[in-house]
Amino acid sequence: MQQIEMVRLIADEGKVLINGSQAAICVDTFIENIADWSEVDKIEENKEVLKEN
């Protein structure tokens, strides 16, 4: 049986997680992909991306 290691990233209040064109408040990702996500201040542009997803 293969075990998959994943983590849950949760943005702080007033922040959003960004990965390329994706934005999220909470995301489950593989451990090796953690570095792909960044936490930035939530701005109007990011709010529009969140609405689309």
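A residue is called buried under 20% relative accessible area, exposed over 50%, and partly exposed in between, with a 1.4 Å probe and protein chains only. By that scale Lys15, at 26% relative accessibility, counts as partly exposed. The structure is a predicted model, in which local features need pLDDT of at least 70, side-chain atom pairs count only at pLDDT 80 or more, and totals for chains, interfaces and linings use all residues. Residues are numbered from 1 along each chain as its sequence is written, and side-chain values use heavy atoms, with hydrogens and water left out.

**Sheet**

- Three strands form an open antiparallel sheet in the order S3-S2-S5; strands are DSSP runs (E, at least two residues) numbered from the N terminus, and two of them pair if DSSP finds at least two bridges between them.
- Strand S3 (22-24) and strand S5 (38-41) are the edge strands, each pairing on one side only.
- From one strand to the next, the twist averages 35 degrees; axes are lines fitted to C-alpha atoms, and angles run from 0 to 180 degrees between N-to-C directions.
- Strand S2 (residues 15-19) runs antiparallel to S3 and is joined to S3 by three bridges.
- Leu17 has Ala24 in S3 as its bridge partner.
- Strands of a sheet pair through backbone hydrogen bonds, either parallel or antiparallel.

**Nonpolar core**

- Leu9, Ala11, Leu17, Val27 and Trp37 make up the largest nonpolar core, which has five residues; such a core is a set of buried Ala, Val, Leu, Ile, Met, Phe, Trp, Tyr and Cys residues joined through side-chain atoms within 4.5 Å.
- Leaving aside residues up to four places away in sequence, Leu9 touches Leu17, Ile25, Cys26, Val27, Thr29 and Trp37, where contact means heavy atoms within 4.5 Å.

**Salt bridges**

- The whole structure holds two salt bridges, each defined as a side-chain nitrogen of Lys or Arg within 4 Å of a carboxyl oxygen of Asp or Glu.
- Arg8 and Asp28 form a salt bridge in which the closest N and O atoms are 2.7 Å apart.
- This pair links distant parts of the chain, with Asp28 in strand S4 (residues 26-30) and Arg8 in strand S1 (residues 6-10), 20 residues apart.
- Asp28 is partly exposed at 43% relative accessibility, whereas Arg8 is exposed, with a relative accessible area of 54%.
- Lys15 and Asp41 meet through their side chains in a salt bridge (3.0 Å, N to O).
- Lys15 in strand S2 and Asp41 in strand S5 are 26 residues apart, and the pair links distant parts of the chain.
- Asp41 counts as partly exposed at 48% relative accessibility.

Technical notes: Helices (H or I, at least four residues) and strands (E, at least two) are DSSP runs, numbered from the N terminus.
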